[in-house]
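Dear colleague,

Please find below the structure that I am handing over to you. My notes on what was found in it follow directly after.

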Amino acid sequence: MFSKQISQIIGWIELHPKIFMVFLGATGWALRVMVVCLHPEPDHYIASDTISYYENALSILHIGEARFKVFPVGFSLILIPLIALKADLWTIGHIIEPAVGAMAGVLVFILARKMQNIRAGIAAGMICAFHPTLLNCSSQILTEDWTIMFTLAALVILSNNSWHRCFVAGIIMGVACTVRSPCLALVAAIAIWWIIARGRKGLLLSIPFCVGAFLPILFVSIFLSYSQHRLILLTPQSDEMSRYAAVKGGWVSLKPEEKEERKSYFLFAVKQPKKFLKERFDSFITFVSPWPFGNDRSLGRKLMLAISDGLVLAFAGFAFLRVIGNVSFRPILLLPWMVLMLCVFYTLTYSIPRYRVPAIPLLVTFTCLALIPPRGPRQCAE
């Protein structure tokens, strides 16, 4: 009886997908607002990074120059029109950020539907709407939600037969790169995938995609270089590896004598290879392990994060082993490939559990597409 009711609900959603999208968006938004309201203290939704992004936006708006030099300015540029519309941090934290976070559920549903598996989209959309890590991330004014929204939107727009759509998708991914520079790894992942999967046609489609991604990056690079009177590519964060050392769960600031000893990232790798490889391993473990290292969380919060993220990672691994080698599933392997490239980026630099958040909707969508059969024959769009 219960299974019959579930089938009827799924059938109704298949007939009325737009209504379900509204439901996903509204539910995801309401849950995220509830989480913010459960933490009314300003130092929750206004994270330490939030102040820098917000004050950079104010500084750019008033004097045309970022105040804090070590933060990507893409998010600050997005905040400028919100500030111009008189949105304060309370409004952004309680209304706008949860709305952006709720888009994850809507967009994974659209993406799975595009791949001819609406049932997988229903499951992925609901998981992203309720996932504890995503809910908590949306309760703070940070860049992860915006990265997820731009990345998923680009994947939805990507087409295997239209360079116009690839160009637009590239622009959106370029904006994601200006918000979080590690998205450069996702741009590379998509371009490489197209070339491997489609050969010459994939190369021809990857060109407008990469050109589109380059435009926002070029704009931000010119702005930063002009305002700071030195050549900067995308973000001033490029010198971080000479200031921080990776440890399990995050990083530690290097002492002056340690900076002098290391000299540079590559020289450190040559002079102290064992220590260099250990730090790279710690970065890798931080990204792929669901257990949040460090003492900045209670045991209860650690367990919740470990269980919620651990289930996503475990099921994604199982799904990958199940579909690898199956030609009919090849198009959806783009999603774990993107996560792998993101993992490589953070392995080469450093990571904290929060940096894994943009990978969660990609893994959830992949897992649902791999494990939930569609109605009728599978017809995934590349």
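How are H6 and H9 oriented to each other: which term describes the pair, roughly parallel or oblique? Please bear in mind throughout that this is a predicted model. Helix H6 covers residues 89-114 and helix H9 covers residues 144-157; the two pack at an angle of about 25 degrees, and their axes are 9 Å apart. Angles under 35 degrees count as roughly parallel, and H6 and H9 are therefore roughly parallel to each other. On the H6 side, the contact is made by Ile96, Glu97, Val100, Gly101, Met103, Ala104, Leu107, Val108, Ile110, Leu111 and Lys114. On the H9 side, the residues in contact are Asp145, Trp146, Ile148, Met149, Leu152, Ala153, Leu155, Val156 and Ile157. By class, the contact of H6 with H9 comprises 16 nonpolar residues, one polar residue and three charged residues. The crossing of H6 and H9 is left-handed.

Helix H15 (residues 273-288) packs with helix H17 (residues 334-348) at an angle of about 140 degrees, with 7 Å between their axes. Angles over 145 degrees would count as roughly antiparallel; H15 and H17 are therefore described as oblique to each other. H15 contributes Arg280, Ser283, Phe284, Phe287 and Val288 to the contact, while H17 contributes Val339, Leu342, Cys343, Tyr346, Thr347 and Leu348. Eight nonpolar, two polar and one charged residues make up the contact of H15 with H17. The crossing of H15 and H17 is right-handed.

Thr349 is located in the loop between H17 and helix H18 (359-371). Because its relative accessible area is 19%, and buried means under 20%, Thr349 is classed as buried. Not counting residues up to four places away in sequence, Thr349 touches Met241, Ala246, Arg280 and Ser283. Of these, Met241 is 108 residues apart from Thr349 along the chain, yet their C-alpha atoms are separated by 6.8 Å.

Helix H5 (residues 74-84) is mostly covered, with eight of its eleven residues buried. The buried residues are Gly74, Phe75, Ser76, Ile78, Leu79, Ile80, Leu82 and Ile83. They pack against H4, H6, H9 and helix H10 (163-179), so that both members of the H6 and H9 pair are among the partners of H5. After H5 comes Lys86, whose phi is positive, near 70 degrees.

Within H4 (residues 48-63), Ser59 may be of interest to you. Ser59 counts as buried, because its relative accessibility is 11%. A polar atom of the Ser59 side chain lies 2.3 Å from the backbone oxygen of Glu65. Leaving aside neighbours within four places in sequence, Ser59 is in contact with Gly64, Glu65, Ala66 and Arg67.

Phe209, in helix H12 (residues 200-228), is also buried, as its relative accessibility is 1%. Apart from neighbours within four places in sequence, Phe209 is in contact with Leu158, Cys166, Phe167, Ala169, Gly170, Met173, Val187, Ile190 and Ala191. By C-alpha atoms, Phe209 and Leu135 are 31 Å apart in space and 74 residues apart in sequence.

Gln116 is placed in the loop between H6 and helix H7 (118-130). Its phi is near 65 degrees, a positive value in a residue other than glycine. With a relative accessible area of 44%, Gln116 is partly exposed. Lys263 is found in the loop between helix H13 (256-262) and helix H14 (265-271). Although Lys263 is not a glycine, it has a positive phi of about 70 degrees. Lys263 counts as partly exposed, at 47% relative accessibility.

With kind regards

How values were computed
Residues numbered from 1 in each chain as written. Predicted model: local features only at pLDDT ≥ 70, side-chain atom pairs only at ≥ 80, totals over all residues. Heavy atoms only, no water. Axes fitted to C-alpha atoms, helices over the stretch in contact; angles between N-to-C directions. Helix = DSSP H or I, 4+ residues; strand = E, 2+ residues; numbered from the N terminus. Parallel < 35°, antiparallel > 145°, perpendicular 65-115°, else oblique. Left-handed = near helix turned anticlockwise from the far one by under 90°. Contact = heavy atoms within 4.5 Å. Nonpolar A, V, L, I, M, F, W, Y, C, P; charged D, E, K, R; others polar. Buried < 20%, exposed > 50% of the residue type's maximum accessible area, 1.4 Å probe, protein only. Polar contact = N/O pair within 3.5 Å; in protein donor to acceptor, adjacent residues only side chain to side chain.
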